[in-house]
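Me: Could you walk me through reading a metal site and a sheet in a model like this one?

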Amino acid sequence: MGQPGPLPDEALDALVAVLDEIRLGRSRSRAELVERTRLSRGVVAQRVSELIERGLVVEGDPGPSTGGRPPRQLSFQAHAGHLLVADLGATSIDVAATTLDGRILGHLDEPADIAAGPEAVLDRVDELFERLRTGTRGLSGRAWAIGIGVPGPVEFRTGRSISPPIMPGWDGYPVRERFTARYGSPVWLDNDVNVLALGEWRSGVAAGHDNVVVVKVGTGIGAGIISDGRLHRGAQGAAGDVGHIQIVGARAVVCRCGNTGCLEALAGGAALARDGEEAARTGRSARLAAALDRAGAVTAEDVAIAASFGDPVALELLQAAGRQIGAMLAGVVNFFNPSLIVIGGGVARSGDALLASVRETVYRRSLPLATRDLLIQRSSLGALAGVMGAAVMVADELFARDGLARWVATGVPAPDMTEAGSAA
Ligand SMILES: [Zn+2]
């Protein structure tokens with residue numbers, strides 16, 4: 001394969017545009033590329049040839065003819081390499097090896113405690129990556145990129161967690177440098193909710209929507225925002241941290257962030273578990289008391305299961321959580337006017353009570369114009385949403401302008417060794 005060296009800016013822009021069209025399945029022929037990118041025939045032909053030469057695009061059988069010579073179909077060579085991704089939750093690790101378009105080739109998961117700190121947790125990730133690399137058919141060479149989702153705020157530019165409330169020891173920890181040193185691959189880190197939003201947007205229920213809010217109700221609560229067809233991370237990467245919006249008039253519960261009356265301290269999974277356990281101890285719910293006797297603690301999942309059997313206390317806990325999440329979302333809807341809200345995360349996956357209550361509150365409390373065509377749906381990707389989203393996140397960075405520029409210059413997907421990339 002030839003190494004033509006760096007491309008001028010304009011050529012690089014065209015290369016990114018042409019690759020995105022083919023990679024995301026929007027254009028399947030040179031004619032479609034010319035029409036959709038508004039680049040000249042000559043430029044499109046040249047960029048397509050470069051992508052074919054580099055093994056990222058293949059030319060297949062002629063497509064349907066519209067008169068004259070039938071166009072040859074172009075497709076993304078998603079098996080040209082692979083990605084390694086990890087979705088770190090408060091209590092679990094999910095890892096996967098995927099194709100370059102995020103299809104899962106191998107998946108492993110195990111319980112974990114994020115509060116054990118970065119060394120212990122990332123050692124486990126290394127071990128699981130190693131098992132994937134040796135146990136997954138068709139993986140060869142090094143990963144083209146590595147993507148990690150974490151349950152806390154991330155400064156996306158430097159790939160570091162910043163003051164994450166439930167992740168002691170992770171503040172400023174150089175996750176990117178650690179993985180780059182070990183694997184020699186470019187590494188991106190983002191928070192778990194952005195990763196979920198990207199997964200739902202590219203491969204799930206949010207496909208085709210340009211303005212979407214994806215809310216994750218897990219142990220905590222957070223939101224990922226797709227705005228005008230792009231993930232909106234905000235100035236520092238903290239956009240969508242809705243779990244710490246204060247609920248006016250709520251009871252004075254202290255949040256893990258140190259403030260009082262935060263949404264997630266009232267309606268997150270940890271809050272449901274706490275309130276469910278109290279109902280069990282005070283004898284208000286026989287079903288939750290049974291769960292407490294069995295396991296020594298009540299989880300949010302126990303509350304959801306009890307509610308699905310019609311337990312009135314558990315139902316009321318989920319409905320109250322749904323009303324509080326809905327009240328926050330009504331404000332978001334008036335401010336942002338999304339066409340779709342997706343409710344995901346472990347708590348939302350189990351049962352309908354919470355979703356129904358969110359819906360009812362949002363429609364009642366938002367302005368009619370903002371809710372006229374608003375859909376509120378459950379996450380469609382289930383437990384694999386995190387790793388699928390992490391793959392989308394890294395593929396988008398790998399094939400974005402900066403990533404592709406390093407690629408073209410060196411002939412391989414290379415890590416960013418500049419100051420911005422390694423956060424010296
Ligand atoms: Zn808080």
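Me: What spacing do the donors of the zinc ion follow along the chain?

Reply: Donors are N, O and S atoms within 2.8 Å of the metal (3.2 Å for Na, K and Ca); water is not among the atoms, so sites may look incomplete. Here the spacing is H-x10-C-x1-C-x4-C, from His244 (ND1), Cys255 (SG), Cys257 (SG) and Cys262 (SG), at 2.0 to 2.4 Å. His244 and Cys255 both sit in the loop between strand S12 (230–231) and helix H7 (263–267), so the pair ties together parts that are eleven residues apart in sequence. Helices (H or I, at least four residues) and strands (E, at least two) are DSSP runs, numbered from the N terminus. This is a predicted model: local features need pLDDT of at least 70, side-chain atom pairs count only at pLDDT 80 or more, and totals for chains, interfaces and linings use all residues. Residues are numbered from 1 along each chain as its sequence is written, and side-chain values use heavy atoms, with hydrogens and water left out.

Me: Is Cys255 buried or exposed?

Reply: Buried means under 20% relative accessible area, exposed over 50%, partly exposed in between (1.4 Å probe, protein chains only). Cys255 is buried at 5%, whereas His244 is partly exposed at 23%.

Me: In what order do the five strands of the open sheet run?

Reply: Strands of a sheet pair through backbone hydrogen bonds, either parallel or antiparallel. Two strands count as paired if DSSP finds at least two bridges between them. The order is S12-S11-S10-S13-S14, with mixed pairing. S12 and strand S14 (375–378) are at the edges with a single partner strand each, so one side of each is left without a neighbour in the sheet.
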